[in-house]
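Here is a short tour to read beside the model.

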Amino acid sequence: MNCRQLAEQVDAYLDGDLDEVGASACRGHLRTCAACRDLADQQTRLRAALAELPPAEPPAHLWAAIDARLGAAEIADSRRGALATGWSRLVAWLRPVAWPVAMVGSAGAIALAVVQLRGAAPSQPLALRAPVVAPAAAAPPVRLALRDALDERADLEREADGRFRQVVSELLPLARAEVATWAPRRAQAFAHDLERREQAVLVASPGHVRERAWHDLTSYLERVALGEQVAMGGGR
Amino acid sequence: MSALRALAASALAGLTALAAPAVARADDGTDGDGDGAVIERAEFEAGVVGRPVGEITIDNSLGDVRIEGYDGSTVTVIAVKHAPDAASLRRLRVESLANPDGSVRLTTLLTERGSGGAERPAVALASVRVDLTIKVPRAATISGRVTTGRLEVENVDAGADLDSSTGPIVVRNVAGVVFARSLAGSQRFEEVFGSLDSHAVDGDLAFDSVRGAALTARAYAGDIDGRRVASKQVRLSSISGSIDLEAEPQAGGSVAVTSLRGAVDVRLRGAVGVAVRARAGGRVTLAGAAAPPSSADRWIEARYGARRDRAAVQVESRFGDVSFALVQ
């Protein structure tokens with residue numbers, strides 16, 4: 001991921017709308033790029049400030065802004081695949097019907113209908129959509145789905161688990177190929193030691209304790225895979 | 001009853017240590033670049049008065065840890081907190097717990113958003129951090145853990161037990177047993193006088209001026225680089241990384257260097273004779289010895305120097321190249 005891609009996806013990332021792979025890519029880039037971290041920090045502060053605002057009446061000029069935004073989105077749609085293009089056609093077909101209704105109906109109801117017909121593009125900031133969707137009088141305050149550092153830390157722990165799991169899945173066939181050349185009794189001891197180490201990973205609490213258990217398991221499998229003399233039943 | 005008394009003593013000791021930050025020098029304010037971010041700096045002592053510090057455990061998942069041994073007897077901590085605003089800064093905590101047995105534990109915490117009765121705004125992990133600089137008595141045993149931050153230890157004499165997930169580990173001028181683990185963080189060791197056991201999954205491992213009973217280093221995907229290694233038993237291995245070792249074998253000692261897929265390059269210096277055996281799936285280069293064509297399941301052997309107390313040397317790469325040389 002580069003800075004331009006991050007800038008495009010930072011809204012969706014902060015909204016929690018990206019899938020795990022996309023979110024991981026964003027996090028990875030933010031770790032290494034101070035400029036993008038600043039951008040994300042600014043967005044975070046902006047969202048926190050917006051979250052504190054009370055619900056607002058849709059201003060009169062909002063529809064024009066939405067229409068302009070829809071126009072821009074249609075241009076973007078034209079660059080997408082057949083499914084997205086078909087969706088845009090449906091919106092275009094319905095818009096002449098929607099306009100007369102807009103002239104006689106309430107502004108809030110029309111905006112709701114069009115936004116729903118248009119479909120919610122994940123990259124659109126929630127802060128812009130929400131006041132339109134919610135009738136002002138009855139709307140509860142919009143809470144931004146901003147991820148907290150504690151959630152991000154849990155993500156990091158899951159990523160670490162995922163990487164260790166991947167390494168173990170790569171090492172196991174190598175280790176088993178080596179064990180296939182061993183005497184049955186020694187092979188049995190390997191199965192026992194492997195199970196013990198896997199159990200240690202499963203019961204370990206997240207964080208450093210579990211990572212230490214993963215290290216013990218991967219290190220053991222590395223030794224077996226490389227044909228080193230492994231002390232069965234031991235290990236730190 | 002004695003257990004109850006011990007518990008009470010422990011709690012009192014903990015409170016003593018926790019009270020220290022309240023009287024410590026603190027300095028907080030914005031970071032000066034106009035973005036509203038705030039920094040708080042606090043300096044305090046940890047430990048039980050009159051009790052020598054035995055083991056100190058530092059667990060900082062929010063930033064860097066730097067541990068420096070010195071000739072004093074107390075533990076001095078400088079904690080610097082960074083946050084985008086004052087509300088987020090209040091979620092960052094440094095806890096110090098001292099036990100009657102002389103052990104000290106320092107932990108950093110990011111509290112829940114709703115803790116303390118106030119719902120605070122969400123904050124990005126990249127925008128908060130706590131960095132710790134800790135001066136410890138040289139004789140203290142160190143346990144240090146970081147997640148993404150840098151973990152640095154220097155000038156201690158009783159070894160260290162170190163963990164990192166993605167942050168680098170740097171160890172300098174340390175005696176005693178050193179044990180280090182990282183997932184993606186690199187590890188660098190300079191002037192380590194004692195046994196050293198190091199394992200990384202994706203991080204690189206580097207050693208310079210290491211001597212002691214044993215050096216064991218394993219990497220899954222990272223590379224291993226050793227310079228001036230003089231441990232008696234040396235065992236380096238990797239699955240897909242390459243290994244480059246320049247070492248001084250010890251009389252009666254051993255050097256075993258193995259990679260599954262990476263290249264292995266070993267250069268030994270010193271007056272001790274060595275008995276070398278090597279094999280590789282790729283090419284084997286044994287300097288000064290007539291090496292016949294190799295294969296992954298066939299060892300090539302050579303002997304160099306004095307016969308007495310020869311060091312045993314084994315270099316191997318199942319799918320890569322291997323080279324060995326004696327250098328002056």
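B:R138 is partly exposed, with a relative accessible area of 28%; here buried means under 20%, exposed over 50% and partly exposed in between, with a 1.4 Å probe and protein chains only. Its partner in a salt bridge is B:D71, with the closest N and O atoms 2.8 Å apart. A salt bridge is a side-chain nitrogen of Lys or Arg within 4 Å of a carboxyl oxygen of Asp or Glu. The pair links distant parts of the chain, 67 residues apart: B:R138 sits in the loop between strand 8 (129-137) and strand 9 (141-146) of chain B, and B:D71 in the loop between strand 4 (65-70) and strand 5 of chain B. B:D71 counts as exposed, at 70% relative accessibility.

## How to read the model

This is a predicted model, in which local features need pLDDT of at least 70 and side-chain atom pairs count only at pLDDT 80 or more, while totals for chains, interfaces and linings use all residues. Residues are numbered from 1 along each chain as its sequence is written, chains are lettered from A and ligands numbered from 1 in the order in which they are written, and side-chain values use heavy atoms, leaving out hydrogens and water.

The pLDDT is the predictor's confidence in each residue, from 0 to 100. For chain B its mean is 87, and 86% of the residues reach 70 or more. Over residues 1-26 of chain B, however, the pLDDT is below 50. Where pLDDT is low, the predicted coordinates should not be read in detail.

## Chain A

Chain A has ten helices and zero strands; helices (H or I, at least four residues) and strands (E, at least two) are DSSP runs, numbered from the N terminus. Of the 236 residues in chain A, 39% are buried.

## Where the chains meet

The contact (heavy atoms within 4.5 Å) draws 36 residues from chain A and 47 residues from chain B. A:H208, A:R212 and A:L226 supply 19% of the area that chain A buries against chain B, more than any other three residues. Between the two chains about 3,400 Å² is buried, and carbon and sulfur atoms give 56% of this area. Buried area is the accessible area (1.4 Å probe) that two parts lose on being put together, summed over both.

Six salt bridges are found across the interface of chain A and chain B. One pairs B:D202 with A:R163, the closest N and O atoms being 2.6 Å apart. B:D202 lies in the loop between strand 15 (196-200) and strand 16 (205-211) of chain B and A:R163 in helix 8 of chain A, so the pair joins two chains. B:D202 is partly exposed, with a relative accessible area of 28%.

## More pairs inside chain B

B:K81 and B:E40 meet through their side chains in a salt bridge (3.3 Å, N to O). They are 41 residues apart and link distant parts of the chain, with B:K81 in strand 5 (residues 75-83) and B:E40 in strand 2 (residues 38-46) of chain B. B:K81 is buried, at a relative accessible area of 13%, whereas B:E40 counts as partly exposed at 21%.

B:Q187 lies in strand 14 (residues 187-193) of chain B and counts as buried at 2% relative accessibility.
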